[in-house]
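Please look at the sequence and the structure shown here. The questions that follow set values against their definitions.

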Amino acid sequence: GAGGAWWQTYAAVPTCLSTDLRGLCLENTEYSVFDLSPPSCIRIGAFAEVLSQRLFCGTCPLSLLEAYTSFCGRMRPLPAWAHRGAIIGTQGGTAKVQSLLRKLEEQNTPISAVWLQDWVGRRKT
């Protein structure tokens, strides 16, 4: 599937930032599972002999995010064109994409870019 299977993903980021202004991230690369269902704790399981983690805290959501990104890094600002309209992610072949774009243009939808995903080598219609 698009997100992988239960044991894989294209965007694994073993991190949790809470509304209590606390956070943690694992430095492990092994498969891990976060269980956030208990109200007073976070349960973490990992296929690893050693668990390496970092803890963060903040005085407000922004300071918590700044504490985390000071460790993991910060994305460069997006280019100006990215803020001028929607970035449409779609797939399904030329006719489907052109039809979608016509409908959006008829509604005067500002569009900055189209992300075509037909390159993955298989198409589900």
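The model has an open sheet of three strands in the order β1-β2-β5, with antiparallel pairing, where a strand is a DSSP run of E with at least two residues, numbered from the N terminus, and two strands pair if DSSP finds at least two bridges between them. This is a predicted model, in which local features need pLDDT of at least 70 and side-chain atom pairs count only at pLDDT 80 or more, while totals for chains, interfaces and linings use all residues. Residues are numbered from 1 along each chain as its sequence is written, and side-chain values use heavy atoms, with hydrogens and water left out.

Q: What makes β1 and β5 the edge strands?
A: β1 (15–17) and β5 (53–57) each pair on one side only.

Q: Why is the aromatic pair of Tyr31 and Phe47 called stacked?
A: Rings of Phe, Tyr and Trp (its six-membered ring) pair if their centres lie within 6.5 Å, and planes under 30 degrees apart count as stacked, over 60 as edge-to-face and the rest as tilted; Tyr31 and Phe47 are 5.5 Å centre to centre with 25° between the planes, and the pair is stacked.

Q: Why does Tyr31 count as partly exposed?
A: Tyr31 counts as partly exposed because its relative accessibility is 27%.

Definitions and conventions. Helices (H or I, at least four residues) and strands (E, at least two) are DSSP runs, numbered from the N terminus. Buried means under 20% relative accessible area, exposed over 50%, partly exposed in between (1.4 Å probe, protein chains only).
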